[in-house]
Amino acid sequence: MKSLVFAITLFMPVACFSQAIDIGQVTKTEDPKILEQKCEANDSNACNTLGNVYADGLEVEQSWEQAAKYFEKACSLESSQGCGNLGFMYEKGRTVPQSWEKAVELYKKSCDLGNNWGCLNVGIEYSRGNGVQQSWTEASNYYKKACDMKDGLGCYLQGQLYEEGEHAAKSPTEAFNYFNKSCDLNVGLGCYKSALMSLNGEGVQKSITIYKKNMEKACQQQIGDACGNLAIEYLSGVNMDLSPVIALGFALEGCELNSAPACFVLASSYEKGTDIPFDMKQADYYYAKACDLGIKEACTKLDQNTDKENEMSITIPKENDDSITNFD
C-alpha cells in the first residue's frame with residue numbers, strides 16, 4: 001500500500017481580513033428605562049449600552065436611528081466604545097450618510113480614548129485607503145497601538161507586515177514575536193504561524209516544544225490545517241511521539257473544519273485499515289472531500305477506487321446462463 005503523501009508536508013492556511021470590526025454588541029443588559037435615566041444623567045457607558053440595545057433590538061423595538069442617537073451622545077461624553085460604534089454606523093451608512101472620512105475620524109477618537117478595536121479599525125482603513133490616503137506606515141502604527149492594548153488581531157496583522165516585507169522591513173524575528181503575542185491573545189492563525197516558524201527556526205531558535213504547544217492551540221482555535229498538521233506529525237513520528245490514535249482524533253477534527261490534509265489522512269487510514277477498521281466507503285467519502293478541498297492526489301485515488309469497484313461489479317456469464325443467446 002502506498003504511504004501517506006503528506007507524511008512530512010505541513011500546510012499554511014490563508015488569512016483575509018477585509019472589513020472593519022463592529023465594536024459593540026450586548027446580550028444581557030439593564031432595563032432600558034433605567035439605562036435611559038442614567039444616560040440622561042450623562043453616564044457615557046449607559047448611553048453606549050443603550051445604543052447597543054437599540055441596535056440589537058434587545059427588549060426594545062430595533063432602531064438604528066435610536067442607536068445612532070445614543071452612540072453620538074456616548075461619544076460626546078468621551079466613551080471610546082460609543083465613538084467606535086458611531087464610526088461603524090457611518091462606515092455602513094445606517095441611518096446616517098455613509099462616510100469613510102467620518103468613520104475614520106470617529107475610529108481615531110475611539111483609539112485616542114483607549115479602545116483597542118478603534119485603533120485596529122483605523123489601521124485597517126489606512127491599509128485599504130478608505131477615508132484616508134493609503135499609508136502602510138500609518139496602518140503599522142495603529143496595528144502596534146492595538147497590539148499594545150492587547151488586541152490579538154492587531155498583533156497578527158503587524159506580524160504579517162514583518163513576515164511579508166512588502167510594506168515594512170522584512171524581519172522574521174519581529175514577525176515571530178508579533179505572531180506569538182497574537183497567539184497568547186487567542187488568535188488561532190498567530191498560533192499557527194508562530195508554530196511553523198519555531199519548527200523551522202525562522203526568526204527564533206528551533207523549538208519543538210513551542211511548535212507543539214502553539215499548533216495544538218491553533219487547532220483548539222479551529223484552524224483546521226493545524227489539526228491536520230498534528231495528525232500528520234503523530235502519524236509520522238518525526239516531531240512528535242508516534243501515536244495513530246491521537247493522529248486520527250486530530251484528523252477527524254481537522255476534516256470537520258475543512259482541512260484537506262486532515263481529510264486525506266482519514267481517507268488513507270480507512271483504506272489501509274491498519275489504525276482503524278478497513279472501510280472503503282468511508283475512505284472514498286474522505287477522498288472525495290479532500291478532492292473537493294483541492295488535493296489532486298485525493299481525486300486520483302477516488303478515480304482509481306471507482307474504477308476498481310466498476311471492475312469488480314462486472315460479472316462473466318456462465319455457459320448455461322439463460323442470458324447467453326445461442327446463434328447456432
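The axes of helix α12 (residues 224-236) and α14 come within 7 Å and cross at roughly 40°. Two packed helices are described by the angle between their axes and the distance between the axes. Angles under 35 degrees count as roughly parallel and 65 to 115 as roughly perpendicular; α12 and α14 are therefore oblique to each other. On the α12 side, the contact is made by D225, G228, A231, I232 and L235. On the α14 side, A260, P261, A262 and V265 take part. By class, the residues of this contact divide into 7 nonpolar, 1 polar and 1 charged.

The model is predicted. Its protein chain has 16 helices and 0 strands. Of the 328 residues in the chain, 46% count as buried. Contacts between residues at least 6 apart in sequence were also examined, and 52% of them join residues at least 24 apart.

Of the 13 residues of α8, 11 are buried, so the helix is largely enclosed by the rest of the structure. The buried residues of α8 are G152, L153, G154, C155, Y156, L157, Q158, G159, Q160, L161 and Y162. What covers them includes α6 and α7 (136-148). Helices α9 (172-184) and α10 (188-200) are also among the covering elements.

S140 lies in helix α7. With a relative accessible area of 9%, S140 is buried, because the cut-off for burial is under 20%. Leaving aside neighbours within four places in sequence, S140 is in contact with Q158 and L161. Both Q158 and L161 are buried residues of α8.

Charged pairs were considered next. Side chains of opposite charge can pair when their charged atoms come close. A search of the whole structure finds 7 salt bridges. Among them is the pair of E91 and K92, whose side chains meet at 3.8 Å, N to O. E91 counts as buried, at 5% relative accessibility. K92 counts as partly exposed, at 33%.

A second salt bridge joins R128 to E125, with the closest N and O atoms 3.6 Å apart. R128 and E125 are 3 residues apart in helix α6 (residues 116-128), so about one helical turn separates them. Here, too, the accessibility of each partner was computed. R128 is partly exposed, at 33% relative accessibility. E125 is buried, with a relative accessible area of 0%.

Another salt bridge is formed by K301 and E271, the closest N and O atoms being 3.4 Å apart. This pair links distant parts of the chain, 30 residues apart. K301 lies in helix α16 (residues 296-313), and E271 lies in helix α14 (residues 260-272). Both K301 and E271 are buried.

Backbone angles in the loops were also examined. Most residues other than glycine have a negative phi. E59 is not a glycine, yet has a positive phi of about 65°. The place of E59 is in the loop between α2 (44-56) and α3 (64-76). E59 counts as exposed, at 64% relative accessibility, because exposure is set at over 50%. T95 likewise is a residue other than glycine with a positive phi, near 65°. The place of T95 is in the loop between α4 (80-92) and α5 (100-112).

The loop between α2 and α3 also holds S63. S63 is buried, with a relative accessible area of 18%. Neighbours within four places in sequence aside, S63 is in contact with Y54 and A55. S63 and T95 are 32 residues apart in sequence. In space, S63 and T95 are 9.2 Å apart, C-alpha to C-alpha.

Conventions. Residues are numbered from 1 along each chain as its sequence is written. This is a predicted model: local features need pLDDT of at least 70, side-chain atom pairs count only at pLDDT 80 or more; totals for chains, interfaces and linings use all residues. Side-chain values use heavy atoms; hydrogens and water are left out. A salt bridge is a side-chain nitrogen of Lys or Arg within 4 Å of a carboxyl oxygen of Asp or Glu. Buried means under 20% relative accessible area, exposed over 50%, partly exposed in between (1.4 Å probe, protein chains only). Helices (H or I, at least four residues) and strands (E, at least two) are DSSP runs, numbered from the N terminus. Axes are lines fitted to C-alpha atoms, for helices over the stretch in contact, and angles run from 0 to 180 degrees between N-to-C directions. Angles under 35 degrees count as roughly parallel, over 145 as roughly antiparallel, 65 to 115 as roughly perpendicular and the rest as oblique. Contact means heavy atoms within 4.5 Å. Ala, Val, Leu, Ile, Met, Phe, Trp, Tyr, Cys and Pro count as nonpolar, Asp, Glu, Lys and Arg as charged, and the others, Gly among them, as polar.
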